[in-house]
Amino acid sequence: MVEIIAHRGARSLAPENTLADLEILDAGSHFEKNNPFSTVEAIDPKDLAAFKGESIPTLFEGLMLTRKLNWKVNLELKDHGNDPQLYYTASHTLAELARAGMDI
């Protein structure tokens, strides 16, 4: 069976990796101004304006949205050599999966 998944969401419809629920970081304006993934030009300017004030979600928020929409999860963890202790990122990720009620 072939499954189609989105690596960074619907990047032709909205700035990548954003979620309206957070108010701390204005990722929508950042993506519009800096175009970090070279995808902003694919979004209609009227639609793009609606994403100003949008924030980058926490892992937990993303997991809760994923659960609500009954999507599958595919997490990729990368070791950049700056974790404070061995398995720090993996253990925190597993804890967030458990907190979100995701079966692993």
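Helices here are DSSP runs of at least four residues, numbered from the N terminus. Keep that in mind as you select things. The model on your screen is predicted.

**Stop 1: the whole chain**

Show everything as a cartoon. The chain has four helices and zero strands. Trace the chain from the N terminus, and the elements read α-α-α-α. Now colour by burial. Of the 104 residues, 22% are buried. Next, think about contacts between residues with a separation of 6 or more: 66% of these join residues 24 or more positions apart.

**Stop 2: helix α1**

Select residues 27-34, which form α1. Which residues of this helix are buried? They are Ala-27, Gly-28 and Phe-31. These residues sit on the same side of α1, because they cover an arc of only 105 degrees around the axis.

Step just past the end of α1 to Asn-35. Asn-35 has a positive phi of about 45 degrees. Carry on to Ser-38, in the loop between α1 and α2. Ser-38 is not a glycine, yet its phi is positive too, at about 55 degrees.

**Stop 3**

Select Ala-50. Look for it in the loop between α2 (45-49) and α3 (59-68). Is Ala-50 buried or exposed? Its relative accessible area is 61%, and exposed means over 50%, so Ala-50 is exposed.

Ala-50 and Ser-29 are 21 residues apart along the chain, and 9.8 Å separates their C-alpha atoms.

**Stop 3: helix α3**

Select α3 and show its side chains. Its buried residues are Phe-60, Leu-63 and Thr-66. Turn the view to look down the axis of α3: the buried residues fall within an arc of 120 degrees, so they line one face of the helix. What covers them? The cover includes α4.

Zoom in on Phe-60. Set aside its neighbours within four places in sequence, and Phe-60 is in contact with Glu-96, Arg-99 and Ala-100.

Move along to Thr-66, still in α3. Thr-66 has 12% relative accessibility, and buried means under 20%, so Thr-66 counts as buried. Again leave out neighbours within four places in sequence. Thr-66 then touches Trp-71, Lys-72, Val-73 and Met-102.

**Stop 4**

**Stop 5: just after α3**

Select Asn-70. It comes just after α3, in the loop between α3 and α4 (88-99). Asn-70 is not a glycine, but its phi is positive, at about 60 degrees. Asn-70 is exposed, because its relative accessible area of 69% is over the 50% cut-off.

**Stop 6: the second largest pocket**

Finish at a pocket. Show the surface around these lining residues:

- Leu-77, Lys-78 and Asp-79 are among them.
- Gly-81, Asn-82 and Asp-83 are also in the lining.
- Gln-85, Leu-86 and Tyr-87 line the pocket as well.
- Thr-89 and Ala-90 are part of the lining too.

How big is the second largest pocket? The volume of this pocket is about 150 Å³. Now colour the lining by residue class. Four residues are nonpolar, four are polar and three are charged.

Notes
Residues numbered from 1 in each chain as written. Predicted model: local features only at pLDDT ≥ 70, side-chain atom pairs only at ≥ 80, totals over all residues. Heavy atoms only, no water. 1 Å grid on protein atoms, 1.4 Å probe; cavity = no way out; pocket = protein on both sides within 12 Å on 5 of 7 lines; lining within 4 Å. Points joined across faces, edges and corners; volume = space filled by probe spheres on them. Nonpolar A, V, L, I, M, F, W, Y, C, P; charged D, E, K, R; others polar. Helix = DSSP H or I, 4+ residues; strand = E, 2+ residues; numbered from the N terminus. Buried < 20%, exposed > 50% of the residue type's maximum accessible area, 1.4 Å probe, protein only. Contact = heavy atoms within 4.5 Å. Arc of directions from axis to C-beta.
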